[in-house]
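Here are my notes for you, point by point. Keep the model open on your screen and click along as you read.

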Amino acid sequence: MRNLTLKNLRAIEAVLKHGTIAGAANAIGLTPSAITIQLKQVEEEAGLLLFDRTNEGLRPTAAGYAFVDAARTIEERLRLLDDELDAIKGLRAGTLTLGCVSTAKYFAPHLMATFRKEHPDISITLSIGNRAEVISSLKNHEIDIALMGRPPKDLPLSSSIFGDHPLVMVAAPDHPLAEKRGITKEEIAREHFLIRERGSGTRISLEIFLSEIPGKLDDLGTEMASNETIKQAVMAGLGVAFISAHTIAMELEYGKLTMLDVIGMPIRRQWFSVMRTDRTLSPAMAAFQDFLRRRGAQCLPFFNRLYPEVTG
């Protein structure tokens, strides 16, 4: 494959992303005929079809995926080269693509702002998604570092803890259990839960907590797509929720939500910074990892007490 060019690889990656010759051409500023010629050249060179032509568009073959993986690896290495050249020149510049699960969006901007004070010349791009989307971004080399609660086990990754992640049960302030102490697992299991989508780290923790209650996991509650929707629904009195304490700091401060005193809670998890082990650590990535080790925990919402004081 010595005749392969960056243009070839970028064309193949664009076809995979957009599914059509026209879409790929529009995305990278070439004509459809130019994309077709490049694709044909690579397929002739490889002796394999890279895409199956279907009524729904172009679908990558195993060879197609292999070429796209090579394209992403090369693009990643070229970007790292830019950072390395800046380091050789003595510049403190660089780029960082940060991905975080949606729960982390409540502290990620503060984290980024604090980091930028130390490294003003490092440009940061933030991508937010659910757990599955962040894992997909890691898999496809689309982000440098991910901030998440539970690192996946099926990718070559290294992970480092940078802070505590408490998960708590919340309700509206006028909920019957709001003033009760020592709520048992059986008592809370009788409540209607407002829950995240399947595969969410928070939901998995709740399922583990309630796994001993017969039949509860068969009818766990009402599924909602975001923490914001869940918080609004809890405040409206539609049920209780098991949620990251880092998502409710403002609601607790203003008395919009209350944490329930459930035995065995809060459940303490950790926040991890996660990156692939099969890529070279750029100066910007190294700087951010060092920052997280030193100051990451300080950028998380802080709680003087996890539960309201007993009154009366």
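1. Let's begin inside: β7 (193–195), α8, α9 (227–235) and β9 (241–244) each give at least two residues to the lining of the second largest cavity. Helices here are DSSP runs of H or I with at least four residues, strands are runs of E with at least two, and the numbering starts from the N terminus. A cavity is a set of points, on a 1 Å grid over the protein atoms alone, where a 1.4 Å probe fits but cannot get out; lining residues have an atom within 4 Å of a point.

2. Before you go on, note that this is a predicted model: local features need pLDDT of at least 70 and side-chain atom pairs pLDDT 80 or more, while totals for chains, interfaces and linings use all residues. Residues are numbered from 1 along each chain as its sequence is written, and side-chain values use heavy atoms, without hydrogens and water.

3. Back to that second largest cavity, with a volume of about 60 Å³. A volume is the space filled by probe spheres set on the grid points, which are joined across faces, edges and corners. Among the lining residues are Leu-194, Arg-203, Asn-227 and Phe-242. By class, the lining has 7 nonpolar, 2 polar and 2 charged residues. For these classes, Ala, Val, Leu, Ile, Met, Phe, Trp, Tyr, Cys and Pro are nonpolar, Asp, Glu, Lys and Arg are charged, and the others, Gly among them, are polar.

4. Now for the largest pocket, which holds about 420 Å³ of space. A pocket is an open set of points with protein on both sides within 12 Å along at least five of seven lines. Of its 18 lining residues, Glu-13, Lys-17, Arg-72, Glu-75 and Glu-142 lie nearest the centre. α1 (6–18), α2 (21–28) and α4 (62–88) each bring at least two residues to the lining, and α1 gives the most, 5. The classes here are 4 nonpolar, 4 polar and 10 charged.

5. Look at Glu-75 again: its side chain meets that of Arg-10 in a salt bridge (2.4 Å, N to O). The pair links distant parts of the chain, with Glu-75 in helix α4 and Arg-10 in helix α1, 65 residues apart. A salt bridge is a side-chain nitrogen of Lys or Arg within 4 Å of a carboxyl oxygen of Asp or Glu, and the whole structure has 16.

6. Helix α4 also gives the largest share of a nonpolar surface patch, 4 residues. The patch is formed by Leu-6, Ile-74, Leu-78, Leu-81 and Leu-85, with about 350 Å² of accessible area together. Patch residues have over 30% relative accessible area and no salt bridge, and nonpolar side chains are joined within 5 Å. The areas come from the Shrake-Rupley method with a 1.4 Å probe.

7. The UniProt record (an unreviewed entry) places "domain: HTH lysR-type" at residues 4–61; such annotations may be inferred rather than shown by experiment. That stretch is 62% helix and 14% strand, and its end C-alpha atoms are 18 Å apart.

8. Most residues other than glycine have a negative phi, and most peptide bonds are trans. His-141, in the loop between α6 (131–139) and β5 (145–148), has a positive phi of about 60°. The peptide bond from Met-265 to Pro-266 is cis, with omega near 5°, and Pro-266 is found in the loop between β10 (258–259) and β11.

How values were computed: Patches are made of residues with over 30% relative accessible area and no salt bridge: like charges are joined within 9 Å, nonpolar side chains (Val, Leu, Ile, Met, Phe, Trp, Tyr) within 5 Å.
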